[in-house]
Amino acid sequence: MTELHVGAPSGPKRSLDLGLALAGVLTCGMALYHFFLPFAWGWGEPLENIPMLRWALFMLNASFSYLLLAGGVVSVVIALGPASKDRATRWMLISMAGYWLFNAVYQITNPMPMPARLAPLRWCLFGFAAVVALLYVVSLLRGARGAAVPSSARPVALPG
């Protein structure tokens, strides 16, 4: 068969986006940790006499954990796939970057109350949020630069 290059663009190509894949994996890790966090720290115990509030605490945490896990998984899928100029993909990554930026700013403006012996954990959690936000932002910036590059012509197989 003979190949003929036509002007129709092929799907954008790119190699694995390691930073975005790492951001997605770290996001998934935090989500999985949050599924077990209320049990590990005994969040429900002080609310035994207020069942509706206890239920709400666990439901909100589980819902948050699910959304964070879904965002992380989708981030990894995007990182493994071909480059996309798709608006939904870009907005999803902007949303994930926004979540982690919000998380980091919130931790600075409203620090988590904790015993003095766990104070270094506060900075670890802030650092985690800041690094994951940075990974998403870098991927978005890299994608914005890549969107300006025209795609190559697609080869078409002709009989003969």
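How many disulfides does the count come to? The count comes to zero, a disulfide being a pair of cysteine sulfur atoms within 2.5 Å. The structure is a predicted model, in which local features need pLDDT of at least 70, side-chain atom pairs count only at pLDDT 80 or more, and totals for chains, interfaces and linings use all residues. Residues are numbered from 1 along each chain as its sequence is written, and side-chain values use heavy atoms, with hydrogens and water left out.

**Cysteines**
- Cys28 is buried, at a relative accessible area of 13%; buried means under 20%, exposed over 50% and partly exposed in between (1.4 Å probe, protein chains only).
- Cys124 is exposed, with a relative accessible area of 52%.

**Helix H2**
- Helix H2 covers residues 51-80; helices are DSSP runs (H or I) of at least four residues and strands (E) of at least two, numbered from the N terminus.
- The 30 residues of H2 should span 44 Å at 1.5 Å a residue, and this agrees with the 43 Å between its end C-alpha atoms; the expected span is 1.5 Å times one less than the number of residues.
- Among the buried residues of H2 are Phe58, Leu68, Val76 and Ile78.

- Leu80 lies in helix H2 and is exposed, with a relative accessible area of 60%.
- The C-alpha atoms of Leu80 and Ala21 are 7.3 Å apart, although 59 residues separate the two along the chain.
- Leu16 sits in the loop between strand E1 (2-9) and helix H1 (18-40), and is partly exposed at 41% relative accessible area.
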